Amino acid sequence: MNIAVYPGSFDPTTNGHLDVIERAAKIVDKLIVGVLINPKKNGLFTIEERVAQLEELTQNLPNVEVRSFSGLLVDFVRSVDARIVIRGLRAVTDFEYEFQMALTNRSLAEEIETLFIPTSAHYMYVSSSMVKEVASFGKSVEGMVPETVQKQMNDKFKNS
Ligand code: PNS
């Protein structure tokens, strides 16, 4: 069985993330979306909120599971018996960081392969940080994030 992990911060989940999840889920038997618990970074959403968001958004995909993890990605990948790490690639600007991460992970665990999925053209410019910035000024991020995420972000910024 081909098990893959799609790791990230998902703060919040964008339509670009969902595009990668849907496409990856078609080529592996099981896809585990891994939400990084990063004590050094305070996000807009808590880890529990991000996991709940992803669970709701992927409920139509039976071979997708959502989990949080802390520590090294390769240790998490091994703990779930996966051999593949999925990452989305948007523009060339992503490449250096992604390549560095893939090589680091490979040097830590050579049995784990990183597979890159090119983001669909209309999500090329969508990132969680841009989306948060735009939403923090009260502007719509329609089309960039699912509707539920847009609502949850609006609530966060209204209350902050
Ligand atoms: O969505 P992001 O923030 O680009 O995802 C980055 C992530 C979570 C994939 C990366 O930071 C990660 O794997 N962190 C876990 C720590 C680790 O394994 N570091 C070594 C490889 S860079």
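Student: Which element gives the largest share of the lining of the largest pocket?
Tutor: This is a predicted model, in which local features need pLDDT of at least 70 and side-chain atom pairs count only at pLDDT 80 or more, while totals for chains, interfaces and linings use all residues. Residues are numbered from 1 along each chain as its sequence is written, and side-chain values use heavy atoms, with hydrogens and water left out. A pocket is an open set of points on a 1 Å grid over the protein atoms alone, where a 1.4 Å probe fits, with protein on both sides within 12 Å along at least five of seven lines, and its lining residues have an atom within 4 Å of a point. Nine lining residues, the largest share, come from helix 4.

Student: Which residues lie nearest the centre of the largest pocket?
Tutor: Of the 48 residues in the lining, five lie nearest the centre: Pro7, Gly8, Ser9, Arg87 and Tyr97.
To repeat the names asked for, the residues nearest the centre are Pro7, Gly8, Ser9, Arg87 and Tyr97.

Student: Where does the ligand sit?
Tutor: The residues around the ligand, with a heavy atom within 4 Å of it, include Pro7, Gly8, Leu36, Gly71, Met101 and Asn105. A molecule sits in a pocket if more than half of its atoms lie within 2 Å of the grid points, and the ligand sits in the largest pocket.

Student: Which element gives the most to the shell around the ligand?
Tutor: Strand 1 and helix 4 are the elements that give two or more residues to this shell. With three residues, the most comes from helix 4.

Student: How far from an oxygen atom of the ligand is the polar side-chain atom of Ser9?
Tutor: Polar contacts are pairs of N or O atoms within 3.5 Å, and a side-chain N or O atom of Arg87 lies 3.0 Å from an oxygen atom of the ligand. A backbone N or O atom of Leu73 is found 2.8 Å from a ligand oxygen atom, and for the polar side-chain atom of Ser9 the distance is 2.6 Å.

Methods
Helices (H or I, at least four residues) and strands (E, at least two) are DSSP runs, numbered from the N terminus. A polar contact is a pair of N or O atoms within 3.5 Å; within protein, one must be able to donate a hydrogen and the other to accept it, and residues adjacent in sequence count only if both atoms are side-chain atoms.
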